[in-house]
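Here is a short report on one chain. Look over the sequence and the model, then read on.

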Amino acid sequence: MSGRGVWLRTRARLRRFPAALAACGDQAAAYGRCVAAAAAGPAELRRDACLEEFQALRECFARAVRTCPG
């Protein structure tokens with residue numbers, strides 16, 4: 001049994017990633033700023049500290065992947 005089909009699908013998805021990231025630059029930047037701010041200082045980064053920003057980024061990626069050809 002070969003895993004070739006799995007790798008072909010994975011590569012196809014990864015080829016769409018740069019376009020999706022470019023389409024979601026604002027959301028990615030907002031999420032990055034939130035994580036950087038939450039991780040700064042002596043406090044530990046807590047789960048769900050940037051949940052709102054992450055969900056916005058995830059929704060943007062989902063929209064971008066649906067509209068990207070490929």
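What share of the 70 residues of the chain counts as buried? The figure is 13%, where buried means under 20% relative accessible area with a 1.4 Å probe, protein chains only.

## Basis of the model

This is a predicted model: local features need pLDDT of at least 70, side-chain atom pairs count only at pLDDT 80 or more, and totals for chains, interfaces and linings use all residues. Residues are numbered from 1 along each chain as its sequence is written, and side-chain values use heavy atoms, with hydrogens and water left out.

## Overall layout

The chain has three helices and zero strands. Its pattern along the sequence reads α-α-α. Helices (H or I, at least four residues) and strands (E, at least two) are DSSP runs, numbered from the N terminus.

The radius of gyration, taken over C-alpha atoms, is 16 Å. The C-alpha trace spans about 50 × 30 × 15 Å along its principal axes.

Contact means heavy atoms within 4.5 Å. Among contacts between residues at least 6 apart in sequence, 61% join residues at least 24 apart.

## Helix 1 against helix 2

Helix 1 covers residues 4–23. Helix 1 and helix 2 pack at about 80°, with their axes 5 Å apart. Axes are lines fitted to C-alpha atoms, for helices over the stretch in contact, and angles run from 0 to 180 degrees between N-to-C directions. The two helices are therefore roughly perpendicular (65 to 115 degrees).

L21, A22 and A23 of helix 1 meet G25, Q27 and A28 of helix 2. By class, this contact has four nonpolar, two polar and no charged residues. Ala, Val, Leu, Ile, Met, Phe, Trp, Tyr, Cys and Pro count as nonpolar, Asp, Glu, Lys and Arg as charged, and the others, Gly among them, as polar.

## Helix 2 against helix 3

Helix 2 (residues 25–39) and helix 3 (residues 51–67) cross at roughly 155°, and their axes come within 9 Å. They are therefore roughly antiparallel (over 145 degrees).

From helix 2, Q27, A28, A30, Y31 and C34 take part; helix 3 supplies E53, F54, A56, L57, C60 and R63. This contact has eight nonpolar, one polar and two charged residues.

## The loop residue D48

D48 lies in the loop between helix 2 and helix 3. D48 is not a glycine, yet its phi is positive, about 65°. Most residues other than glycine have a negative phi.

Technical notes
Parallel < 35°, antiparallel > 145°, perpendicular 65-115°, else oblique. Rg over C-alpha atoms; globule rule 2.2 N^0.38 Å. Buried < 20%, exposed > 50% of the residue type's maximum accessible area, 1.4 Å probe, protein only.
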